[in-house]
Amino acid sequence: MEQGPEPSTINLQPSAVWKALAAVPDPEIPVVSITDMGMVRDVTVDGGGRVQVTFTPTFSGCPALHVIRESIEQAVRALGVQDVEVRSTLTPPWTTDWINEDARERLRQYGIAPPAPAGEEQLIQLDAEPTRCPRCSSLNVRMTASFGPTLCKRMYVCDSCKEPFEGFKSV
Ligand SMILES: [Zn+2]
């Protein structure tokens with residue numbers, strides 16, 4: 001963006017910013033965007049074309065926080081915005097319920113068991129959430145580690161097809 005602010009940024013609508021953010025991939029799961037994951041909580045554009053984006057990281061223990069921050073900033077700057085502020089908030093904490101339906105399906109196709117909706121989980125709170133094998137849909141799965149490569153995920157193995165896979169921790 002060498003050319004300086006475009007006159008159009010004065011009339012920038014928050015919806016345009018949301019659209020740009022919808023193209024920012026989750027740094028850990030490239031098949032979904034940060035908006036698919038429900039991470040972007042608020043977008044404001046003031047009269048001077050200054051943009052403020054508030055996001056909630058999926059898990060506070062997740063790495064790549066700075067990657068998300070920079071990706072958001074870049075996506076907004078690509079709209080011709082010069083003044084962008086990216087804030088992170090942990091209140092309210094991110095919940096797997098914020099993941100949109102379409103993204104759940106893509107997570108499954110990617111080989112990550114989507115989290116059970118929290119409402120379902122509450123009914124069986126004393127038990128582990130029902131996690132299905134993303135390959136064969138079997139419920140005959142075992143958790144092999146309480147978290148995977150990151151704190152966001154758990155590692156499972158399917159006893160039906162013997163495939164290991166990652167699942168989300170429902171929070
Ligand atoms: Zn399986």
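Which residues does Ile34 touch, leaving out residues up to four places away in sequence?

Modeller: Two bits of housekeeping. Numbering starts from 1 along each chain as its sequence is written. The model is predicted, so local features need pLDDT of at least 70 and side-chain atom pairs count only at pLDDT 80 or more, while totals for chains, interfaces and linings use all residues.

Now, Ile34: with residues up to four places away set aside, its partners are Leu21, Val24, Asp26, Met39, Val40, Phe55 and Ile68. Touching here is a contact, with C-beta atoms, placed from the backbone, within 7 Å. Ile34 also belongs to the largest nonpolar core, a set of 33 residues, where Val17, Leu21, Ile34, Ile72 and Val76 touch the most other members. Such a core is made of buried Ala, Val, Leu, Ile, Met, Phe, Trp, Tyr and Cys residues joined through C-beta atoms within 7 Å. Buried takes 20 or more other C-beta atoms within 10 Å of a residue's own, exposed 12 or fewer, and partly exposed is in between, again with C-beta atoms placed from the backbone.

Among the elements giving two or more residues to that core are H1, S1, S2 (51–55) and H2 (65–77); these are DSSP runs numbered from the N terminus, with helices (H or I) of at least four residues and strands (E) of at least two. H2 gives the largest share, four residues. Domain 1 (7–88) and domain 2 (112–168) both contribute, so the core lies between them; those bounds come from an automatic or database domain assignment.

H2 deserves a look of its own. Its 13 residues reach 18 Å from first C-alpha to last, close to the 18 Å expected at 1.5 Å a residue, the expected span being 1.5 Å times one less than the number of residues. Ile68, a partner of Ile34, is one of the buried residues of H2, along with Ser71, Ile72, Ala75 and Val76.

For another residue, take Val31, in the loop between H1 (14–21) and S1 (40–45). Val31 is partly exposed, with 14 other C-beta atoms within 10 Å. Beyond four places in sequence, Val31 touches Arg106 and Tyr110. Val31 also sits 9.3 Å from Gln109, C-alpha to C-alpha, though 78 residues separate them in sequence.

Technical notes. Contact = placed C-beta atoms within 7 Å.
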